[in-house]
Amino acid sequence: MLTRYELAELESMHMLQLTGKEITHIKIYFSSLILRIGKRLRTRQEIVATAIIYFKRFYINNTFYDIDPYLMTATCVYLACKVEESPHHIKQIWTEAKAAFTEVSQDIRFPYDVSDIAECESYLLEEMKFYLVVYHPYQVLIDVSEQIKLPKASLQAAWSIINDSYQTDVSLVCPPHVIAVAAMFLSRVVDQGGQSDVEAQQWFADMNVDITDILQVVNELLSLYDIWNGYAEDKMPELVYRYISDIAASN
């Protein structure tokens with residue numbers, strides 16, 4: 001797990017060509033593409049989340065110029081399905097990825113076949129040093145919600161907030177339980193869920209989690225929602241290819 005400072009330093013080395021808002025839009029874009037492929041494959045949310053983490057881990061130390069991000073997107077889904085014990089044939093991954101990209105834009109170039117995904121998988125495994133286990137906040141949320149009898153509406157809101165958290169980098173810098181508690185905290189704003197403020201304050205206190213860490217995650221999520229308002233998926237392929245061209249020109 002990285003510190004926020006380490007992550008910012010690594011990103012700054014190869015994202016100089018982009019504004020902060022553009023960086024966030026690109027993170028939303030590729031997370032959404034992975035989700036789109038996952039829906040076509042009818043995979044569990046945890047598999048989508050694992051694939052997103054793999055994608056993020058790879059591009060901490062690499063650029064879109066090093067490996068085409070669309071190829072890496074398909075590869076991360078392929079590997080995540082295997083690791084999460086829900087494997088899909090590589091041909092099916094290729095088919096659904098290509099279809100998902102076409103749904104988004106005819107401008108997305110995907111001139112690859114299954115052998116390219118297999119080769120890309122080896123680069124991904126090497127970059128992650130074969131450390132493939134990913135812990136997600138979902139199980140923490142379920143466990144805690146049962147302990148405190150969290151109302152269904154609040155549980156659903158917190159689950160959706162955790163889904164949204166993968167559009168940010170909090171999963172790279174915060175342990176799962178912190179993200180889960182932050183999601184529950186934010187869900188109190190979205191839906192009071194029938195609990196009194198006294199009850200809510202009590203179970204947050206019982207969690208024994210540093211409130212500073214919780215508020216940092218909450219603030220990052222609120223910033224995400226603010227930037228998300230100006231996100232336009234149809235403009236993203238052009239931004240991605242411009243970014244790759246800028247990197248190539250600077251090398």
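Guide: Let's begin with handedness: a crossing is left-handed if the near helix is turned anticlockwise from the far one by less than a right angle, and right-handed if clockwise. With that in hand, look at H4 and H5, whose crossing is right-handed. Helices here are DSSP runs of H or I with at least four residues, strands are runs of E with at least two, and both are numbered from the N terminus.

Bear in mind that this is a predicted model, where local features need pLDDT of at least 70 and side-chain atom pairs count only at pLDDT 80 or more, while totals for chains, interfaces and linings use all residues. Residues are numbered from 1 along each chain as its sequence is written, and side-chain values use heavy atoms, leaving out hydrogens and water.

The chain as a whole averages 87, with 90% of its residues at 70 or more.

Now the geometry. The axes of H4 and H5 (residues 90–104) come within 10 Å and cross at roughly 135°. Axes are lines fitted to C-alpha atoms, for helices over the stretch in contact, and the angles run from 0 to 180 degrees between N-to-C directions. So H4 is oblique to H5 (under 35 degrees is roughly parallel, over 145 roughly antiparallel, 65 to 115 roughly perpendicular and the rest oblique).

Who touches whom (heavy atoms within 4.5 Å)? From H4 come Tyr70, Thr73, Ala74, Val77, Tyr78 and Cys81, and from H5 come Ile90, Ile93, Ala97 and Phe101. Sorted by type, these contact residues are nine nonpolar, one polar and no charged. Nonpolar covers Ala, Val, Leu, Ile, Met, Phe, Trp, Tyr, Cys and Pro; charged covers Asp, Glu, Lys and Arg; the others, Gly among them, are polar.

Tyr54, Arg57 and Phe58 of H3 meet Tyr123, Leu124 and Glu127 of H6, a contact with four nonpolar, no polar and two charged residues.

Stepping back, the chain has 13 helices and zero strands, and its C-alpha trace spans about 55 × 40 × 35 Å along its principal axes.

Notes
pLDDT = per-residue confidence, 0-100. Contact = heavy atoms within 4.5 Å.
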